[in-house]
Amino acid sequence: MNGGMLQIVKGTVQLYARHLPALLAFFLAGWIANYLLIRFGGFVANIDPLYGYLVLPLAVLVRVASFVAMFLVLRPGKNFVEALGSSILPFLIVFATWGLIKTDWVAFASAQLEQRSLDGTEPPLFVTVTPITVGVVVVAFVLRLLLKRSSERLPKWFGFIAAYLEAVWIFLAIDLIGQVTGWVIEWLDGRRLVAWVNDTLTAIGETVAPLKFLWEGAGWLLGQAGVVIGLPLAWLTLAGIVYAVTRPEDSPTRLAAAAEKRLKRFPPFIRARLADIGGDLAGRWLPISQAARLIWRSGPITMALFVLSYAVLSTIATWIQFGVNRLIGPHDLNFWMATDTGILLAISLLVEPIRISLIAATWSYCLTLSPAGRAELQLEKDEVRQKVEPVEA
């Protein structure tokens with residue numbers, strides 16, 4: 001086996017054995033809070049859909065918070081509020097890209113329908129693009145930006161308000177942008193040129209059968225690669241963002257210097273606001289890009305073995321669910337509606353701590369491949385030793 005993979009396996013076993021109770025506690029707490037908030041969101045959505053959309057980001061936020069807490073348990077010493085604030089956007093992007101957030105959407109819609117009075121006065125299920133919903137996105141974004149600028153003068157617990165505002169504007173923006181994109185695609189589909197291109201491609205595919213087979217096969221392979229390869233690497237990048245061990249470059253890049261030169265053309269007030277937004281975007285991008293570089297240094301063999309291990313773990317979870325269902329045997333739909341959630345939770349409690357331990361161990365190995373990462377790991381070991389020695393004394 002690859003030497004790097006041996007270190008990862010050893011680290012995974014050690015982390016899992018040392019921190020299993022805490023991992024289970026944080027995952028279960030996040031799951032329960034997510035379930036209760038979704039039910040509450042469905043209830044208030046029957047008053048006004050926008051109310052539900054202000055609660056639903058909280059349900060997603062507690063899921064993100066539970067994963068952040070699980071990561072930090074495995075490598076303590078980081079600030080939870082700061083790690084949560086920097087992780088919300090990347091987590092939601094990953095959840096949305098790979099359909100992981102769809103579970104919460106479906107549960108939210110089901111909770112809303114189950115709690116309806118059905119007296120003919122029910123509001124719509126979803127919000128739409130209106131001045132009010134767009135205004136909520138803008139206000140939440142501006143307030144979060146203001147809280148970030150004033151974070152040093154405010155109490156630490158304001159960080160949780162900033163995290164909620166972050167989740168609100170991102171969550172609503174993703175939904176509203178999706179609706180606008182759907183309208184644009186629908187409008188394009190009605191254009192003669194687009195219809196002609198679609199008809200031409202369909203005719204070519206029917207005429208040249210191998211070409212159609214290759215085109216569909218390439219689409220299928222890309223979709224599978226996104227799940228099998230992209231998802232585990234995305235989670236590994238998320239671990240790097242949570243731990244945030246890498247540091248920005250001290251010297252400004254050519255792009256940053258050019259942007260600063262352009263900003264000087266604007267009035268001071270506008271320049272200051274643009275600088276705030278640019279600094280916010282740069283602060284989000286730098287941890288992602290630096291984490292990606294560290295992952296790249298680990299080499300294709302180690303990453304391939306990590307991806308394979310992640311896929312095996314996911315397959316095991318699927319087979320466990322299949323085996324449990326076969327063991328229970330056939331029952332009516334009401335039985336499965338009552339027990340399916342509990343079965344999935346039990347399987348998740350078994351698999352999730354192993355998965356998070358695997359990701360954290362892989363990230364620790366990636367750190368050993370750079371001088372800055374080794375220095376960070378050594379600093380963490382020294383801090384742990386300083387905390388343990390007074391207890392032993």
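In which helix is the place of Phe 80? Select helix H3, residues 80–97, where Phe 80 is found; helices (H or I, at least four residues) are DSSP runs numbered from the N terminus.

Before continuing, note that this is a predicted model, in which local features need pLDDT of at least 70, side-chain atom pairs count only at pLDDT 80 or more, and totals for chains, interfaces and linings use all residues. Residues are numbered from 1 along each chain as its sequence is written, and side-chain values use heavy atoms, with hydrogens and water left out.

Phe 80 is partly exposed, at 29% relative accessible area (buried is under 20%, exposed over 50%, partly exposed in between, with a 1.4 Å probe and protein chains only). Beyond its neighbours within four places in sequence, Phe 80 contacts Ala 65, Val 68, Ala 69, Leu 72 and Phe 160 (contact: heavy atoms within 4.5 Å). Display the C-alpha atoms of Phe 80 and Ala 65: they are 8.7 Å apart.

Next, select helix H5, residues 131–149. Its buried residues are Thr 133, Val 136, Val 137, Ala 140, Arg 144, Leu 145 and Leu 147. These lie on the same side of H5, because they cover an arc of only 165 degrees around the axis, taken from the directions from the helix axis to the C-beta atoms. The face turned away from that buried side carries the exposed Pro 131 and Ile 132.

Finally, select Thr 362 in helix H12, residues 333–367. Thr 362 counts as buried because its relative accessibility is 0%. Not counting residues up to four places away in sequence, Thr 362 touches Ile 8, Leu 236, Met 303 and Phe 306.

Conventions: Helix = DSSP H or I, 4+ residues; strand = E, 2+ residues; numbered from the N terminus. Expected span 1.5 Å × (residues − 1).
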